[in-house]
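Please keep the sequence and the structure at hand while reading.

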Number of protein chains: 4
Amino acid sequence: MNHVPFKGIIAYPITPFDSLGQVDIPLFQRLVERLVANGSHAIAPLGSTGVLPYLQDEEKEAVTTAAIQQVGGRVPTLVGVSCLTTERTIYHARYAEKAGATAVMIIPMSYWKLTDDEIFRHYEAVASRISIPIMAYNNPATGGVDMSPALLKRLLQIPNVTMIKESTGDVQRMQYLRRELGEEVAFYNGSNPLALAAFAAGASGWCTAAPNLIPQLNLALYKAIERNDLQAANTLFYDQVDLLKFIVATGLPRAIKAGLEILGEEGGQLRNPLQPLSSTETATLRQILQHMN
Amino acid sequence: MNHVPFKGIIAYPITPFDSLGQVDIPLFQRLVERLVANGSHAIAPLGSTGVLPYLQDEEKEAVTTAAIQQVGGRVPTLVGVSCLTTERTIYHARYAEKAGATAVMIIPMSYWKLTDDEIFRHYEAVASRISIPIMAYNNPATGGVDMSPALLKRLLQIPNVTMIKESTGDVQRMQYLRRELGEEVAFYNGSNPLALAAFAAGASGWCTAAPNLIPQLNLALYKAIERNDLQAANTLFYDQVDLLKFIVATGLPRAIKAGLEILGEEGGQLRNPLQPLSSTETATLRQILQHMN
Amino acid sequence: MNHVPFKGIIAYPITPFDSLGQVDIPLFQRLVERLVANGSHAIAPLGSTGVLPYLQDEEKEAVTTAAIQQVGGRVPTLVGVSCLTTERTIYHARYAEKAGATAVMIIPMSYWKLTDDEIFRHYEAVASRISIPIMAYNNPATGGVDMSPALLKRLLQIPNVTMIKESTGDVQRMQYLRRELGEEVAFYNGSNPLALAAFAAGASGWCTAAPNLIPQLNLALYKAIERNDLQAANTLFYDQVDLLKFIVATGLPRAIKAGLEILGEEGGQLRNPLQPLSSTETATLRQILQHMN
Amino acid sequence: MNHVPFKGIIAYPITPFDSLGQVDIPLFQRLVERLVANGSHAIAPLGSTGVLPYLQDEEKEAVTTAAIQQVGGRVPTLVGVSCLTTERTIYHARYAEKAGATAVMIIPMSYWKLTDDEIFRHYEAVASRISIPIMAYNNPATGGVDMSPALLKRLLQIPNVTMIKESTGDVQRMQYLRRELGEEVAFYNGSNPLALAAFAAGASGWCTAAPNLIPQLNLALYKAIERNDLQAANTLFYDQVDLLKFIVATGLPRAIKAGLEILGEEGGQLRNPLQPLSSTETATLRQILQHMN
């Protein structure tokens, strides 16, 4: 098992729906193909961008299988398997492993606020049933629970919890992780507007839906970091920050769908209650994209 | 249709599980029976206390049917039917109506933050498919979205959205609702530690899991309010506030299960990742209950 | 020494300035006289309403003397003496005692966040140098530090710290104080929109600038509480809540000055950087007052 | 007038007191001399570190004069002149200009929350009375008001408001300033734990008390940034981050005094209510410093 199979740009596809409200698998596979073809270093289906929690069990399975088949081993895959209950999380983690996922990503979804012990036991229970690595994902804005740096450190005691994705939008969290856990533990940035600050702080990769729209700018930023050129990275970051802020502010599934259509691609339908961007928002997005491409 | 079928103490049963992790319907029915027998003015299955989001579709249906059968029309029933997607919410709202529910309760569950328009359309879509009243439920701590007083006011334009349950824990929200909407709109308090303040502000009822443990104190507080005796209400409130704070602080499903067992009743199992109270917490709860019963 | 000399409506005068920017003592005394004449149970100069922190030392002394002389012992006086440094707080507390103040009010003003020990020593140092009672005042929105209920409880160990004024706007704080400290410790509500909830929770008094504008409604609310008539208190509260919210939202010194002028009274000038209400805000205030008087 | 006279490491001395509670001017001058001798690019007396709000008018004047005399033009000086009232702020800004300050720093201190218009008029009134540049300082944690990026942009319309110091601890604020205002507007980082992220985002300088304790590490970080060596900057940042976090967490005046004493320097006394670090905190600081020097 490669404990830390990801670095660079980890691209998140949306999950598109057809006019009847069903997942549009062929379109999904074309969107995955675009991300691979554009040079993404990994593909991560069923993230927040992929509206994981809005899907039924069988839909999650179909998306998992379709993504892994389409990628075909060209780059590693990171499959979201988070559920409110431990039992369902185990089910989907095992499904992903069997389907050939490189690793799974798990956010401790919360309705009732979970204690640290409950979160630890949840990860431990899932981890004991699979043998691929787990990326622990902290995103209080969507998941409703904020894992402290101390808890994240504790989760890393579980053998196959080997990676952390931080999406609080607070760069000091990442600094703490690096300082406490040392350079050997990989942390990933899940907050688009922190892309530059996170790489400066030592992030191994950037988990982002932006490559659906501006893959060249995303990759160029990473390459500037790789060659230790901060000035170029700074310029490249400010070249793309307006889009990064926009897609976060309006919600990734809505914004990526709209952006794809502006670029002449199909974006499919959203699932209710999520609605398309307003015409004003779409016009703003069009302007932002025109300045970039 | 009675637009506002509830007042007084609206009691929330837990959903107990058996040792195999399945919903324990016979025990659930005994717990519902206790609540009715103890004088609760209404029964509300599948609330946060009833761990609605942790259940599979067929489990929700079984609980709905079991609750309504057990209550047998002695008091009105309020069934929780909230789901992340509009389609699933409609499905369960229709199921509840057919099963004989007096009304349904809907919280706009959020993974992606919903816009006000998305929330309005969600309620509108559900409301158009059923003919029983809807209680709109605001609880950012569990649902992840905070509906503004202005949005709640807007929701009341939908004909069968006739009641509001406020659980932010901010009594000023309730004051705003009363002031803006007038005395004819019923609002309900869902924050246990605000029981006295909410009744003083004019709440029509108190949505609470506390009657599982201290029904007499809950009912006595309401009766003091009904007979305009603030001093008695104040005394009765401080007699029960420690329990009200405890069950909120430790999480209603965990605390009610533990409290039932302290009282010599069966509480069943919790569903993972939720874990029982620690022994220290259980000891604290025992002390609190001993001072009350 | 009367340890708890206040109950009911504790009225806060503004500190008016003349066209040269100096404190207008004659106008100040007329405003104090109105408050006494209208039936306020106590007068509290140099509160937040009285812009204490914006005054120079000699101005604070002049206002203290003028207030106590004008009241002339008809009702008790509560003089604000808070300063950033302990030495200046002691100085003004001693000045107030010599001038005849019934008690002093102290908020732990904070630029650097103070530790609990620093706050305790601050109160202890002041308390040891005067022999009149101290009201400890918690208002994070203006003072910048939020004293926990546990710290407030600790402060009450100091012999002449005998009263607590709570202005966080969270009625649960007051409930905690009542529950932890017992009925013998007096707590006062400093959050206008919580007037009803605080009295329901057992507050001894209401610290408020509202009697500058609507003294009869303020007093009537208190009297309804005194005669245990919750329904009347509820009605009276909703009759005045719009004004209570308005004066808090726009800032008490600005709002009271504007309100006085709407009522045909002089309100004096504000001290820069504070500016008068906008014309829109003033029009709103006029409407609110017209519905009340 | 040089509109933007600062870059690099802007060092903040503490204001030490003697055993009688008076400002110790000779010690203050020795501490300023250390900062200049150690290579700081500018000296900033009477910042938050210099406990400006805890000083009387004449003390502020003495510190201003002493700092400027000691620096003797070797590096530029930035003098804090913030007061609650506009009149006192003008007074001290004019004093600083006459005494030879290169620029003044102004934070809109707030007891009553100021409106954007009030803040703008405050800066405008001060700016019109002096001819040296003003650095607008945003630090809600100490000043109590949070100036939005839009307000900061508006302040830059005032001719001699030419610099912004951002201390919210949110790197996205700095990114916004850079993006909205362009590269020609200088912004400075006032949040120590963001030193690396802020430089990566394009900050012109770092306003910090850390050079009192670890000047070589602070300067080395800046030099790595200057020569576009992100990897070295990253390493140097993690070498000093523990100290940066510690001095912020425990309060700069307390921590710098303790650190000076650990290094064998005099740190003077604090002014009440500020108290020295506890012995545990001091031991932690000793450990941190031992790993660095």
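## Basis

This is a predicted model, in which local features need pLDDT of at least 70 and side-chain atom pairs count only at pLDDT 80 or more, while totals for chains, interfaces and linings use all residues. Residues are numbered from 1 along each chain as its sequence is written, and chains are lettered from A and ligands numbered from 1 in the order in which they are written.

## Chain A as a whole

Chain A has 12 helices and eight strands. Helices (H or I, at least four residues) and strands (E, at least two) are DSSP runs, numbered from the N terminus. Along the principal axes, the C-alpha atoms of chain A fill a box of roughly 50 × 45 × 35 Å. The radius of gyration is taken over C-alpha atoms, and the globule rule is 2.2 Å times the number of residues to the power 0.38. For 293 residues, a compact globule would come out near 19 Å; chain A has 18 Å, which agrees.

Of the 293 residues in chain A, 57% are buried. A residue is buried if 20 or more other C-beta atoms lie within 10 Å of its own, exposed if 12 or fewer, and partly exposed in between; the C-beta atoms are placed from the backbone. Contacts are also based on C-beta atoms placed from the backbone: two residues are in contact if these lie within 7 Å. Among the contacts in chain A with a separation of 6 or more, 71% join residues 24 or more positions apart.

## The sheet in chain C

In chain C, eight strands form an open sheet in the order E2-E1-E8-E7-E6-E5-E4-E3, with parallel pairing. Strand E2 (42-43) and strand E3 (78-80) of chain C stand at the edges with a single partner strand each, so one side of each has no neighbour in the sheet. Two strands pair if DSSP finds at least two bridges between them.

| Strand pair | Sense | Bridges |
|---|---|---|
| E3(C) and E4(C) (residues 103-106) | parallel | three |
| E5(C) (residues 134-138) and E6(C) | parallel | five |
| E6(C) and E7(C) (residues 186-189) | parallel | four |

Gly80(C) has Met105(C) in E4(C) as its bridge partner. Ile134(C) is bridged to Val161(C) in E6(C). Ile164(C) stands opposite Phe187(C) in E7(C). From E6(C), the chain crosses through helix H7 (residues 171-181) of chain C to E7(C), and this β-α-β crossover is right-handed. The term means that, with the strands pointing away from the viewer, the path from the first strand over the helix to the second runs clockwise.

How many residues of strand E6 (residues 161-166) of chain C are buried? Six of the six are, so E6(C) is largely enclosed by the rest of the structure.

## Ile262(D)

Ile262(D) lies in helix H11 (residues 252-262) of chain D. It has 19 C-beta neighbours inside 10 Å and therefore counts as partly exposed. Leaving aside neighbours within four places in sequence, Ile262(D) is in contact with Leu285(D), Arg286(D) and Leu289(D). Arg286(D) is 24 residues away from Ile262(D) along the chain, yet their C-alpha atoms are separated by 6.4 Å.

## Contacts between chains

A rotation of 180° with 0.0 Å of shift along its axis superposes chain A on chain B, with an RMSD of 0.0 Å. The two copies are thus related as by a two-fold rotation axis. In chain A, Gly144(A) has the C-alpha nearest the axis, 3.2 Å from it. Copies are superposed by least squares on the C-alpha atoms of residues with pLDDT of at least 70 in both.

The contact takes 25 residues from chain A and 25 residues from chain B. On the side of chain A that touches chain B, helix H3 (86-99) and helix H4 (116-127) of chain A each supply at least two residues. H4(A) has the largest share, five residues. That side divides into 10 nonpolar, nine polar and six charged residues. Here Ala, Val, Leu, Ile, Met, Phe, Trp, Tyr, Cys and Pro count as nonpolar, Asp, Glu, Lys and Arg as charged, and the others, Gly among them, as polar.

Which chains do not touch? No contact joins chain A and chain C, whose closest C-alpha atoms lie 21 Å apart. Chain B and chain D do not touch either, and their nearest C-alpha atoms are 21 Å apart.
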